[in-house]
Amino acid sequence: MKIVRLFLLLCASLCLVAPAHARTVLEEYLPAAAASDLVPGAEGFGPIREDLAVAPVLKRGQTVAWVFMTSDFVGTTGYSGKPIHTLVAIGTDARIVGVKLVKHSEPIVLIGIPETKVNALVASYAGLDIVAEAKSGGTGHEVDIISGATVTVMVIDDSIVRSGLKVARALGLGGLAPEADAAGPRFDIDRDAAGPTDWAEAEGDGTLRRLTLDVAQVNEAFAEHPDERARDRAITEAPQTTFIDMQAALVSVPAIGKAMLGPAQEANLRSWLKEGENAIAIVGRGLYSFKGSGYVRGGIFDRIVLIQDDVSVRFRDRDHRRLSGLALVGAPEFSEMDMFRIPAGLGFDPAKPFRIQLLAQREVGPIEKVFHTFDLGYQLPQKYLRAIAPPVQQDAVTSPQEEVSAQADLWKRIWRDSKLKIVVLTAMLMVLTGVFFFQTYAVKNAKGFYIFRIVFLSFTLIFLGWYANAQLSVVNLMALFGSLVNGFSWQAFLLDPLTFILWFAVAAALLFWGRGAYCGWLCPFGALQELTNQIARKLRIPQWTLPWGLHERLWPVKYMIFLGLFGVSLMSVEQAEHLAEIEPFKTAIILKFIRAWPFVAYAVALLAAGLFVERFYCRYLCPLGAALAIPARMRMFDWLKRYHECGNPCQTCAIQCPVQAIHKTGEINPNECINCLHCQVLYQSETVCPVVIKKMKARAKLAASPGGPVPQPAAKV
């Protein structure tokens, strides 16, 4: 139990956290803002409304827009674990007029990416149509990601769109209705309603809704596409040929499900759906498939999407079931009959209208396609609904439960978009774990293991570092220290899936192997140092071995740096994040050396030192390595094998250790070892290790003696 408690404590200590943010901040920041910065020609702001955290933007005494702070309406917690405050002006037509980044604590922006670049991205949201976003479910625009600041950009985008929707609805801008309109009637599903008796009745009363397209209609739609190749590749079948005949029904409504599916399939549907979930049946025939053939297990159906107001539902394979048949009398034959589940918690209301958007595609090149969308509108007939009492008008500010759900949707979307990266990182971790567990076999062939290590480090540098930006930093740990006062949340950490996975892998590895699993194999900057040093060796650049006394006295420097940063972080996390620039990770890995020259010169100087002293920065300066070495003392196993003769008299491993982590007495210092396994290669070497050579000679002598045993190949030790 003690080990379990230590492990849980370790996991928590390695995680980013997100302090709770203030719910109302407009009054604090509005006095310092200039109205003309948000709305050209504006002269000032009116008083903040008492019922809603918005203020009018005035031009010649008239209200031309409304200004609000995103963090007053939705969660805006960024990578730093602190809110990103963005001031937004929205016009009476529900279009964003101006946006300004007011306050943030994002480390990559504070000490990495130029703030002007982020400000330009934020300002580009001017002109965004919130009405269009409501219709598309918040997916009606492209997110312009800044390399190295994906999490920050995603949070800013999510907060502008969601808060804009809330303000527009609360004020009735652009014709948008309030989220809870007390004046309007509300409906619920009538579970005692009677379903249709045959297919003709289902089509006639609206139980089934239909989208029918022929080849002529589709060719005409693509004829208006701006890409000329789409017009040139028209479908050659006869114009009246059915392109698709698609029909849909909300079968989670009991009356519809019983009528369309029959008793057996309807019972299966009920066992499949959980509380709050709905299901829609879609059937189709014709030249075009609404499912397509591109989806795979664990994948997504990319040709259809359900849209209701700002709710957008894309169906995954786990939310899909095939239908074996239709029970309604007179049902025609369909080539595709499928059922899709609508998960609970998305905000879908079966009593409100929605549409199924069909994405039709046309190939215009070997790997290029263009698209056009067609909508199948659906609304439950009144006979399946019953009126319910309207709820009390709610404030536009998101409730805690809604905010948790919305933030969960954001990090889940990021995880879905990062699926390939997650799979590759998981594969890397599995391979590395296998190497560590079966290291005796992995290092048998010295040359083969050397090639494997170089390939693995290259992949770490190129994929984890330069491509995925998955470089851990001591800044992550300092965010934890700052959170001890403000409370704990997983949200910010979950926004970066690769960092999340890496930290938990590191936490587990510390208990088994110490810090070397990360520092020696998964740190992109560490990989860059070792790879450049290997190139230096090939170019015959001399390698310096520091005297043991000096080397031993330089070891503590990184611990002093870490403790200094830790002390500063207790007073000011922002100041500590600036001082954490002693890590060259952002310059060399995240920003790929595209940065102001002093930072580039510093990173290059460290790499240059590493050409002569392998992993110079790792050995003496890295505060992250020092932070990992401290809990690594808890490791439960010693995997690295040693002989009694190691250190006395043999000094081979101590001399050849790339980071001088082996004492002259033969002991390995776990705080400094990077688990490169070079000493384990030597442990089995029949040409280098004196102990192995001595045993081989003894066996050979015994085999050569009169009456000795028949010579056998030398056994591995």
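Val-88 comes first: at 0% relative accessibility, Val-88 counts as buried. Before going on, a reminder that this is a predicted model.

Val-88 sits in strand 4, which covers residues 85-91. If we set aside residues up to four places away in sequence, Val-88 touches Trp-66, Val-67, Phe-68, Thr-70, Ile-96, Gly-98, Val-99 and Ile-160. One distance to go with that list: from C-alpha to C-alpha, Val-88 and Leu-101 are 8.8 Å apart, with a separation of 13 residues in sequence.

Next, a helix pair. Helix 20 is residues 524-538 and helix 25 is residues 597-612; the two pack with their axes 8 Å apart and at an angle of about 50°. That angle makes helix 20 oblique to helix 25. The crossing of helix 20 and helix 25 is right-handed. Which residues make the contact? From helix 20 they are Phe-525, Leu-528, Gln-529, Thr-532, Asn-533 and Ala-536, and from helix 25 they are Leu-607, Gly-610, Leu-611 and Phe-612. Sorted by type, the residues of this contact come out as six nonpolar, four polar and no charged.

Now the cysteines. How many disulfides does a search of the whole structure find? The search finds zero. Take Cys-519: it is in no disulfide, and the nearest cysteine sulfur, in Cys-622, lies 6.2 Å away. Cys-519 is also buried, because its relative accessibility is 8%. Then there is Cys-676. Cys-676, with a relative accessibility of 11%, counts as buried.

On to the backbone. The peptide bond from Asn-648 to Pro-649 is cis, and its omega is near 10°. Where is Pro-649? It is in the loop between helix 27, residues 623-629, and helix 28, residues 652-656.

There are also two positive phi values to report. Phe-593 is a residue other than glycine, and its phi is positive, near 70°. Is Phe-593 buried or partly exposed? Its relative accessible area is 26%, so Phe-593 is partly exposed.

Gln-660 is the other one. Its phi is positive, about 55°, although Gln-660 is not a glycine. Gln-660 is in the loop between helix 28 and helix 29, the latter being residues 678-683. Gln-660 has a relative accessible area of 8%, so it is buried.

Last, Asn-669, which is likewise found in the loop between helix 28 and helix 29. At 13% relative accessibility, this asparagine is counted as buried. What is Asn-669 in contact with, leaving aside its neighbours within four places in sequence? The contacts are Trp-555, Ala-661 and His-663.

To recap the items worth checking on screen: the cis peptide bond from Asn-648 to Pro-649, the positive phi of Phe-593 and that of Gln-660, and the oblique placement of helix 20 relative to helix 25. That is the end of my part.

Note on methods:
Residues numbered from 1 in each chain as written. Predicted model: local features only at pLDDT ≥ 70, side-chain atom pairs only at ≥ 80, totals over all residues. Heavy atoms only, no water. Axes fitted to C-alpha atoms, helices over the stretch in contact; angles between N-to-C directions. Helix = DSSP H or I, 4+ residues; strand = E, 2+ residues; numbered from the N terminus. Parallel < 35°, antiparallel > 145°, perpendicular 65-115°, else oblique. Left-handed = near helix turned anticlockwise from the far one by under 90°. Contact = heavy atoms within 4.5 Å. Nonpolar A, V, L, I, M, F, W, Y, C, P; charged D, E, K, R; others polar. Disulfide = S-S within 2.5 Å. Buried < 20%, exposed > 50% of the residue type's maximum accessible area, 1.4 Å probe, protein only.
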